[in-house]
Amino acid sequence: MKNKGSRSLRIYFTLAVFLILTFALLCTALLGMLFQQVADLETLLLKRPVLMLLLLYGVSLIISTSVLSVVFNSIIRPMTRLSNAFRQVAKGNFDIAIEEESGIEEISSMYSNFNSMVKDLGANETLRNDFIANVSHEFKTPITAIEGYATLLQDKSQSPQDQQECIEKILFNTRRLSNLVGNILMLSKIENQSISSENGNFLLDEQILQVVVGLEREWSEKAIEFDVDMPKTRYYGYESLLTQVWSNLIGNAIKFSYPGGIIGIRMTVDADDIAVSITDHGVGMDEQTQKHIYEKFYQGDTSRKSEGNGLGLALVAKIVEYCGGTIDVKSALGEGSCFTVTLPRIITKNVRM
C-alpha cells in the first residue's frame, strides 16, 4: 500500500549522489576563492599541507556523516525493524504488526505486505489450534463407540442380526465424525474470515423448499407436515452457506417436534430485508438454554446428545452474521420454538464479522 507522501528508494539514492557531488564541488570552489582572496591563508596552507588535508578531511567527514545519517534513518533502521519482526514471527508470534507509515514507497509496501502475511498466518494458526482442541474433545465418544462395536463384530458367536446392528452403529458414528469435522472446519473458517464463497442470484424460496425435500426421510418417519407461506423471492447472496442455515434450522425443527406435528415456514419481504421464520410446536427451550444455544458444543437437550454435536446453531449464527443478517429465537418449554433469520436484500462482498 502506497502511503501519501512516500517516495521511491531510487529517488533517495539519486539525491544522495547529487548532494555528495554538489557539496564536493561547492567546497572546492569555496577553497579556491579563499586561496585567491586571502594571500596569507594560501601561503599558510601551502606551507602547511597537513592543515589543508585536515580541512578537506573535515569537510568530507561532515558530508559523509550527513549522507550516512539519511541512509540509516531512511533505510537501515526500517530494515532492522522488519528483520526483528520476522524474528518474532519465526518464534510463533503472529500478533505483531508494523506501522505502515514510511517516507519510502518500497519500505511502506514491504511493511504492508508483512502485516498481511502475519494476519493470514495467524488465522491459519488459530484455525489449526481450534480444530485440534475441538476434535480432541468431541471425537472421543464416537471413536469409542466405533471401537466397541468393532470389537463385538470379532465375536463369531453373534447372530447375523446382531452383527448387522453393530455395522449400522459403526456407520452411524462414522457419519457423525464426518459431520463433526465438516462443521468444525466451516465454523473455524468463518470465524477467521478465511472462507471462500461467491455471491450469486438465486430463488431463496426454492432453496428452502429443496432443503425440505432433502429432509423427507426425517419428517416422513415422524409424520410431520409443513405449513409453508413464501412468495417467489430472488436473492443475491451466499447460496451454499445459506443452504446450511436452512438445513440446520429445519433439521432441528424436525428433531424436536412431536410425531404428527406441524412445522411452519414463513417469509416476509420488504424494501430492505427478507425475514424467514421456522416454527415448530415441539419440546421448546427454557431461558437458560436460549442464552447458550449459539455457543460451540452446547446442547441443551442432553437426551438427544447422540444425535448431534452442538455445532449446528453456532454455525448458523456465524453464517447469518457473515451474510450481514441477524437471527432471533422465541421459545418456551413444551410449546416449541420459532427461529427468525433476517437478511439484507443486498449482500455486500465486504461484510465480515
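Mentor: A residue is called buried under 20% relative accessible area, exposed over 50% and partly exposed in between, using a 1.4 Å probe and protein chains only. This is a predicted model, in which local features need pLDDT of at least 70, side-chain atom pairs count only at pLDDT 80 or more, and totals for chains, interfaces and linings use all residues. Residues are numbered from 1 along each chain as its sequence is written, and side-chain values use heavy atoms, with hydrogens and water left out.

Trainee: What makes up the secondary structure of the chain?

Mentor: The chain has 11 helices and 7 strands. Helices (H or I, at least four residues) and strands (E, at least two) are DSSP runs, numbered from the N terminus. Of the 353 residues, 36% count as buried.

Trainee: Why is Thr289 called buried?

Mentor: The relative accessibility of Thr289 is 12%, so it counts as buried, the limit being under 20%. Thr289 belongs to helix α10, residues 287-292.

Trainee: What makes the link between the side chains of Thr289 and Asp286 a polar contact?

Mentor: The two side chains are joined at 2.7 Å. A polar contact is a pair of N or O atoms within 3.5 Å; within protein, one must be able to donate a hydrogen and the other to accept it, and residues adjacent in sequence count only if both atoms are side-chain atoms. The 2.7 Å of this pair therefore lies within the limit.

Trainee: Which residues of helix α7 are buried, and which exposed residues does the face turned away from them carry?

Mentor: In α7 (residues 204-214), the buried residues are Leu204, Asp205, Gln207, Ile208, Val211 and Val212. Seen down the helix axis they fall within an arc of 165°, so they line one face of α7; the arc is that of the directions from the helix axis to the C-beta atoms. The face turned away from this buried side carries the exposed residues Gln210, Val213 and Gly214.

Trainee: Why is the pair of Phe202 and Tyr235 called edge-to-face?

Mentor: A search of the whole structure finds 4 aromatic pairs. In the pair of Phe202 and Tyr235, the centres are 5.7 Å apart and the planes stand at 80°. Rings of Phe, Tyr and Trp (its six-membered ring) pair if their centres lie within 6.5 Å, and planes under 30 degrees apart count as stacked, over 60 as edge-to-face and the rest as tilted. The angle of 80° therefore makes this pair edge-to-face. Phe202 is in strand β1 (residues 200-203) and Tyr235 in strand β3 (residues 234-237), so the pair ties together parts 33 residues apart in sequence. Phe202 and Tyr235 are both buried.

Trainee: What makes the pair of Tyr238 and Tyr322 tilted?

Mentor: Tyr238 and Tyr322 lie 5.3 Å centre to centre, with 55° between the planes.

Trainee: Why is Ser257 called buried?

Mentor: Ser257 has a relative accessible area of 4%, so it counts as buried. Ser257 is placed in the loop between α9 and β4.
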